[in-house]
Amino acid sequence: QCADWTNTVNGEETLYGALPFFHAFGLTLCLGYGIRTAATLVIFPKFDPAALVSAQKRRPGTFFPAVPPMIDRFTTAAREAGVSLTSFRFAFSGAMALPQATAQAWEEATGGYAIEGYGMTETSPVALGNPVSQQRRAGALGLPFPHTEYRVVNADTLLDVDPGERGELLLRGPQVFSGYWNRPEETAHQLLEGGWIRTGDVVTVDETGFITLVDRIKEMIVTGGFKVYPSQVEDRLREMPGVADVAVVGMPAGDLGEKVVAAIVLAGTVPAITLAELREWASTHVAGYAVPKDLVVVTELPRSIIGKVLRRVVRDDILEKLADLPKPKLPDLPKLPDLPKLRRPSAE
């Protein structure tokens with residue numbers, strides 16, 4: 001499917017394998033794809049921008065499967081070293097949204113394309129992708145891979161939603177797995193009748209058939225009955241001056257269910273950002289119920305081995321810090337005077 005999608009001619013690609021091969025992304029898009037297309041596979045023991053720049057001088061690459069932070073750092077390192085990347089035909093980005101700025105910087109440096117794809121381990125792992133052409137769209141998951149079908153359904157009823165409405169993405173194709181080993185209940189929940197797999201991702205589909213990710217159902221925040229999609233709030237907060245990175249999570253909030261909390265990484269040496277400043281910025285960009293109620297400043301955000309922000313870890317870290325804070329001591333209440341004892345009236 002990947003070879004057909006990229007229109008690869010066997011024996012002509014030089015593929016940079018900087019993703020871990022024990023992850024589905026690296027296993028398929030580097031090792032499996034490289035062998036399938038008889039590519040020259042340049043393997044790196046780990047992602048190191050300086051090592052990639054050095055390799056580019058000796059054996060220029062043509063295809064770079066990576067996550068957005070890797071694309072960004074490789075582009076920057078090559079520019080600072082004065083090394084050309086024009087040999088690269090395209091980069092294939094996955095695991096997280098590809099920022100427009102990252103895609104633009106890569107395409108300006110290479111003259112090729114930054115192609116965003118989508119999938120999960122259970123789909124081996126690619127199911128959707130952007131065209132390797134000028135029709136690609138940064139920020140969109142793209143179109144179904146060859147022999148791949150999709151549906152967009154209501155997550156509760158599993159009925160198809162109307163065109164243009166958001167809903168959970170279902171996929172079906174030859175790359176969909178057959179089930180979890182010795183976990184029949186989870187398999188039954190994930191795999192539906194007819195071979196459809198539930199992705200747990202909320203998407204919309206436009207009139208041209210391009211699929212765009214809205215958020216993950218499991219990470220959706222419900223506050224006061226309103227649904228907040230973390231990635232939408234994060235996208236707006238990243239545009240705020242002084243914010244280098246951000247993760248938005250839901251925290252317990254009593255009767256409200258959850259409250260929106262933003263964990264931010266400050267850009268460079270900018271002064272600390274206050275909650276009031278953050279709320280003022282957010283209030284002009286997102287709905288009132290999605291404006292963060294609390295702010296936590298961190299030095300870095302936890303990421304998976306391929307660079308995806310781990311919102312669950314962010315949430316657990318915040319909960320742990322809150323648990324360690326000293327509990328405020330309430331003032332002693334004044335002692336009330338003794339009340340006179342009331343005499344029970346007699347039966348007479």
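## Conventions

Helices (H or I, at least four residues) and strands (E, at least two) are DSSP runs, numbered from the N terminus. The structure is a predicted model, in which local features need pLDDT of at least 70 and side-chain atom pairs count only at pLDDT 80 or more, while totals for chains, interfaces and linings use all residues. Residues are numbered from 1 along each chain as its sequence is written, and side-chain values use heavy atoms, with hydrogens and water left out.

## L275 in helix α8

L275 lies in helix α8, residues 275-283. L275 has a relative accessible area of 29% and therefore counts as partly exposed (buried is under 20%, exposed over 50%, partly exposed in between, with a 1.4 Å probe and protein chains only). Leaving aside residues up to four places away in sequence, L275 touches P292, K293, D294 and L295 (contact means heavy atoms within 4.5 Å). From S54, L275 is 221 residues apart in sequence and 43 Å apart in space, C-alpha to C-alpha.

## Helices α3 and α4

Two packed helices are described by the angle between their axes and the distance between the axes. For α3 (residues 49-58) and α4 (residues 68-81), the axes come within 9 Å and cross at roughly 60°. Axes are lines fitted to C-alpha atoms, for helices over the stretch in contact, and angles run from 0 to 180 degrees between N-to-C directions. The two helices are therefore oblique to each other (under 35 degrees is roughly parallel, over 145 roughly antiparallel, 65 to 115 roughly perpendicular, and the rest oblique).

P49, L52 and V53 of α3 make the contact with R73, F74, A77, A78 and A81 of α4. These residues divide into seven nonpolar, no polar and one charged (Ala, Val, Leu, Ile, Met, Phe, Trp, Tyr, Cys and Pro count as nonpolar, Asp, Glu, Lys and Arg as charged, and the others, Gly among them, as polar).

## Sheet β8 to β11

Four strands form an open sheet in the order β8-β9-β10-β11, with antiparallel pairing (two strands pair if DSSP finds at least two bridges between them). β8 (149-153) and β11 (211-216) are at the edges with a single partner strand each, so one side of each has no neighbour in the sheet. The twist from one strand to the next averages 45°.

β8 is joined to β9 (residues 167-172) by five bridges. Opposite E149 stands R172 in β9.

## Sheet β14 to β16

An open sheet of three strands, with mixed pairing, has the order β14-β15-β16. Nine bridges join β14 to the antiparallel strand β15 (residues 258-266), and V243 has L266 in β15 as its bridge partner. Helix α7 (residues 230-237) packs on this sheet and touches β14 and β15; the direction of α7 makes about 150° with that of β14.
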